[in-house]
Amino acid sequence: MPTLIHFRQEYLLFFYKPGEGLCLRIKKNHFWQEHIVLLRETDGIFNIFSDDEKIHAIVLNQQNELVYLQYNNNNWTKHKLCTLKPEICPTRLLLCESKGHINLFYSARYNDELLLIHCLLGNHAQPRIIDRLSCDAFVSFRTRIYYTNAQEQLVYQDFSDGKPEHFFSVANQAKMPYLFFYCGKSYLTYVENEKNIIFEGHKITESSDAKNPLLLTSDNRLTLLWQSHSFLYYTNSDDGGASWSKPLRYLHTASEIEIFEVISNRHRFYYYAAPIAGEIHFFANPSPFKESDFSEDSPTPSPPDFEKLRIHLELLQRDIKQLRAQIQGLQNTREALKTDE
């Protein structure tokens, strides 16, 4: 998918262009420059990761080679990571960091199976199969990799020590996980039974052929978007996901609408977007690089409804008063029994 990075005061857009390969456009002084080709003879399977010093890219070329690229001080270096066997067909690549090491996860078809493979870049680390998949939709969050295994279970594995060893179950019949960090908390959404939109373990709505749920935020409001057939739908929450508005149809998903990956301050986010008149238009959030939304130190949102809080407090005070009366009644009964004795 196209990837947009904010790196050293520049915007870098990575994308695949048929007939040319992996391309890059840089935005300087409010203008997009002409694109350059970073690697030819590719079919669009790539992934990008950035830290404070470098941009890292992994690309699958048409010779079934994984090529590793680094960007530093306006220069690109590249070398072949490995050559895969012809019968191994990667479908998706993902780079992420753990304790200073770059991790590579990728899905690959082999003997009618879809495999999830992990490798630490550098030190001649060997790729290792960590599970079998039912689909190639997986996502990383900090030191966890979330995916749907061959038994249709949404699970995660921890790779903080560099070697994911076993999985932890999250939900059954669940696909397309998406994790979003906002105001000191992570939120998990996914699709259950190919129709139920789930947020933090609770069903938000039902939508036939639902796919690609994404979470966004703006002005202390969470927005959940997803695709259903040829339309994009959304629902909003002003109380951190405790309640949601009625789902509404947002727009018809024309062919030019794609999911863009956005990387800022080592965080990954995903947006429905489309290139229009030389610019990238992100739907449902006009500022994908808004620091107040992406920072882990963002303040907690203010309470959305003080009237509800006031009523809840009054009910608690009433319950406390009733409990005190019951306790006093029990004490009176106890004293009366003592007197009878």
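**Exercise 1.** In this predicted model, find the ring that the charged end of Arg 249 sits over.

*Solution.* Start at Arg 249. Its charged end sits over the ring of Phe 231. The distance to the ring centre is 3.8 Å. The cut-off for such a contact is 6 Å from the ring centre. Now move to Arg 92. Its charged end sits over the ring of Phe 138, 4.4 Å from the centre.

**Exercise 2.** Count the aromatic pairs, then classify the pair of Phe 180 and Phe 269 as stacked, tilted or edge-to-face.

*Solution.* Rings pair if their centres lie within 6.5 Å. By this rule the count is 14 aromatic pairs. Take Phe 180 and Phe 269: the centres are 5.6 Å apart, with 70° between the planes. Planes over 60 degrees apart count as edge-to-face, so this pair is edge-to-face. Next, place the residues. Phe 180 belongs to strand S18 (residues 174-182), and Phe 269 to strand S27 (residues 267-276). The pair therefore ties together parts that are 89 residues apart in sequence. Both Phe 180 and Phe 269 are buried.

**Exercise 3.** Work out whether Phe 260 and Phe 282 are buried or exposed.

*Solution.* First, look at the pair. Phe 260 and Phe 282 are edge-to-face, 6.2 Å centre to centre and 75° between the planes. Phe 260 is in strand S26 (residues 258-264), and Phe 282 is in strand S28 (residues 279-282). They are 22 residues apart. Now apply the cut-off: buried means under 20% relative accessible area. Phe 260 has 4%, so Phe 260 is buried. Phe 282 has 14%, so Phe 282 is buried.

**Exercise 4.** Which residues do ring pairs link into a cluster with Trp 76?

*Solution.* Follow the ring pairs. They join Trp 76 with Phe 7, Phe 14 and Tyr 71.

Notes
Residues are numbered from 1 along each chain as its sequence is written. This is a predicted model: local features need pLDDT of at least 70, side-chain atom pairs count only at pLDDT 80 or more; totals for chains, interfaces and linings use all residues. Side-chain values use heavy atoms; hydrogens and water are left out. Rings of Phe, Tyr and Trp (its six-membered ring) pair if their centres lie within 6.5 Å; planes under 30 degrees apart count as stacked, over 60 as edge-to-face and the rest as tilted. Helices (H or I, at least four residues) and strands (E, at least two) are DSSP runs, numbered from the N terminus. Buried means under 20% relative accessible area, exposed over 50%, partly exposed in between (1.4 Å probe, protein chains only). A charge sits over a ring if NZ of Lys or CZ of Arg is within 6 Å of the ring centre and within 35 degrees of the ring normal.
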